[in-house]
Amino acid sequence: MSSASDQSKINYPPVNRQESVFDTYHGNKVADPYQWLEDPDSEKTKAFVDAQNELTNAYLKKCKLRQQYQNRLSELYDYPKYGCPFKRGNRYFYFYNSGLQNQSVLYSKDSFDQEGTVFFDPNTLSDDGTVALARSTFTMDGRYFAYTLSKSGSDWKTIHFMDVESRKTLPDELKDVKFSSLSWTHDNKGVFYNRYHVDSKSDGTETSQNLHQKLYYHYLGTEQSEDILCAEFLDEPKWICEATVSDDGRYVVMEICEGCDPVNRLYYCDLEQLTNGITGLLPYVKLVDSFDAKYEYVTNFGNIFTFLTNSNAPNYKLINIDLAKPNMNNWATLISEHSKDVLEWATCIAENKLFVCYLQDVKNVILIFDAITGDSLTSLPLDVGTVAGFSGRKTQFEIFYQFKSFLTPGIIYHCDLSKDSIESETDIKGIDISELETSQVFYKSKDGTSIPMFIVHRRGIKLNGSHPTLLYGYGGFNISLTPLFSISRLIFIYHFGGILAIPNIRGGGEYGEKWHKGGVKDKKQNVFDDFIAAAEFLIENNYTTSKLIAINGGSNGGLLVCACMNQRPDLFRCVVSQVGTTDYGCATDSEEEFNYIIKYSPLHNIKAADPAVQYPALLLMTADHDDRVVPLHSYKFIATIQREIGSLPNQFNPLFIRIETKAGHGAGKPTTKIIEEAADMYAFIAENLNLSWQDSFSSSSSL
């Protein structure tokens, strides 16, 4: 790290600290001196935000490479971006962004060979692109279009409707919608959706927990006040219900969850038995009434239902359940669990073909099976990467699927199951992708577990420890980090001479439920150990040094990098935590869980164990409308670390927070904000790793 002699101390804004404020959890007093920052509407909190942003923005404006990076990103980001096409009724639809549009536009066309025309353009809904199209769905015949809109990145949505033929917006509007289903009944009369009863504001800046979600049915052409309450769980305030109308339109399947673990209860209702239509609470049948495993609807043939499940199958399998004989003893395995590969999803196409996507050492493969017998039929051609999109229906004989990788922005395949496939590929002008390469390595974590890691860099580099490295991780919620394309990261590689390293640490879903459970609750430390071991591997194998490592993660990944910074401040030069969860002091009602959470909760483990070791340069990035990981996490963390670490005589590395306005957890973020945020992040990294801009490439890349 840079010596203290060539840096000046940073004067951080004074923050009121209320020493007398404590919370008590299971007999443990936990200091909470910045609890007042939990009120986003108070004048004191607003003044805190303004002061922190003023300090951070002044620093970022002085970063040498900020404008050059932003200009280059704007140039390279300006390439056409296509979503995976899909067919509804007799029309084809696809999302398209010409390059720098804030939001992608939904296009339609009557035949596959035609040019598309604009069907729905979210960019017309706001001047700054902060109103985004979120979830959407068409009726089975393609007559009506239901869609949700989000403002400023909030998880709160409003549902709207459109007549597809006339493209006229219908007067129906549904509010107070969050984490909602959106499923049409096949008679086109209406949709199932979810909403909360809201007493106060619901704009994404609130910090209260949402409880008592309810399932409703909305008849098209009626007021929301007339919607039919279909299901509520008064004794279970945290339950959330996802309702899906079955392929044949006869049933509604209800998957009930209460958290982020891959487990759910499974209920269903036979809509044909409702002779008067949907008029009240559904007489649903409880097929599975426990949170022991995950059950996800795939398809059904009459009363024989196929579900994807991890019940006694941590790598997942497909099972058949006969509703006439629902006892678990009568369940039949349709496609068995693979010994190593993880079954991620399955869908039924062309009446009786199951397209099944597996994760094989963090790379996707798609196999095709007979949906009746489970017999293996064939596979789809794929390179090493990720299936980023797939469309097709049981009633259709054509599919589209989209392939991406670290070095491939997108290849879309169109396959008529009776003809040859057609593909279209997106090119990026201005960067020669052939000069870059991706490899996958396996390294040992602290307990000896073998961890896979993708490494992307220029071809022909010398492993001499001279390369700046961006180490990105997540490690949670059963989410797998598969190869995906990112222009901002490619600029880091191409123009900073950098290396991108993405370890697939425990807590994710890369190797099924065992891998996920190996990084949760009392085993959460495995996640941090895996990530730290990745940095040590890169150093030991001469990719880089600790002075050239920047670590980055978002949401749960923000927790990851902050916890690793606390545990090993000597190992990293720079830390960027995006919308991170850092205050875990009150995260559980269980004393057992509290006792291990408090040991890694980033807010409660800020310490200077070695006075000779600086904390790395830190940039927290959060947003005022993030109602999933509310910004109070980042506010309290930055106030604490600036006081506890920033005040130390040897701490010269900056400790900053960047607070975005009119933005949320990340979904629906307009292109302008994406580019500005990336420019700030990589300029901060470049400044603190002391990087220079490279237009030409040298294999030695000595820095």
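H26 is partly exposed, because its relative accessible area is 32%; buried here means under 20% relative accessible area, exposed means over 50%, and partly exposed is what lies in between, with a 1.4 Å probe and protein chains only. The model is a predicted one, so local features need pLDDT of at least 70 and side-chain atom pairs count only at pLDDT 80 or more, while totals for chains, interfaces and linings use all residues. Residues are numbered from 1 along each chain as its sequence is written, and side-chain values use heavy atoms, with hydrogens and water left out.

H26 sits in the loop between β1 (22-25) and β2 (28-31). Strands (E, at least two residues) and helices (H or I, at least four) are DSSP runs, numbered from the N terminus. The phi of H26 is near 55°, a positive value in a residue other than glycine. Most residues other than glycine have a negative phi. Y316 also has a positive phi, near 75°, and belongs to the loop between β21 (304-309) and β22 (317-322). With 5% relative accessibility, Y316 counts as buried.

Another loop residue is D227, found between β14 (214-219) and β15 (228-231). D227 is buried, given its relative accessible area of 10%. Setting aside neighbours within four places in sequence, D227 is in contact (heavy atoms within 4.5 Å) with L174, Y193, R195, Y216, Y217, H218, Y219 and T222. As for G280, 53 residues away from D227 along the chain, the C-alpha atoms of the two are separated by 9.4 Å.

Next come the aromatic rings. Rings of Phe, Tyr and Trp (its six-membered ring) pair if their centres lie within 6.5 Å; planes under 30 degrees apart are called stacked, over 60 edge-to-face, and the rest tilted. That rule gives a count of 53 aromatic pairs. Y297 and F305 make a tilted pair, at 5.7 Å centre to centre and with 55° between the planes. Y297 counts as buried at 10% relative accessibility, and F305 counts as buried at 1%. The Y443 and F537 pair is also tilted, because the planes of the two rings are at 35°, with the centres 5.9 Å apart. This pair ties together distant parts of the chain, with Y443 in strand β32 (residues 436-444) and F537 in helix α5 (residues 525-540), 94 residues apart. Y443 is counted as buried at 2% relative accessibility, and F537 is counted as buried at 15%. Ring pairs also join F86, F93, F119, F120, F138, F145 and Y147 into a cluster.

The helix packing can start with α5. This helix packs with helix α6 (residues 556-567) at an angle of about 75°, their axes being 10 Å apart. Axes are lines fitted to C-alpha atoms, for helices over the stretch in contact, and angles run from 0 to 180 degrees between N-to-C directions. The angle makes α5 roughly perpendicular to α6, a label for 65 to 115 degrees; under 35 counts as roughly parallel, over 145 as roughly antiparallel, and the rest as oblique. Q525, V527, F528, F531 and I532 of α5 make the contact with L560, V561, A563, C564 and Q567 of α6. By class, that contact has 8 nonpolar, 2 polar and no charged residues. Ala, Val, Leu, Ile, Met, Phe, Trp, Tyr, Cys and Pro count as nonpolar, Asp, Glu, Lys and Arg as charged, and the others, Gly among them, as polar.

Helix α1 (residues 43-62) packs with helix α9 (residues 671-689) at about 70°, with the axes 9 Å apart. The two helices are therefore roughly perpendicular to each other. α1 passes α9 in a left-handed crossing, meaning that the near helix is turned anticlockwise from the far one by less than a right angle; clockwise would be right-handed. On the α1 side the contact is made by Y59, L60 and K62, and on the α9 side by D680, F684, E687 and N688. These residues divide into 3 nonpolar, 1 polar and 3 charged.

α1 also packs with helix α8 (residues 632-644), at an angle of about 60° and with axes 12 Å apart. The crossing of α1 and α8 is left-handed. Here T45, F48, V49 and Q52 in α1 meet Y635, I638, A639 and Q642 in α8. The contact of α1 with α8 has 5 nonpolar, 3 polar and no charged residues.
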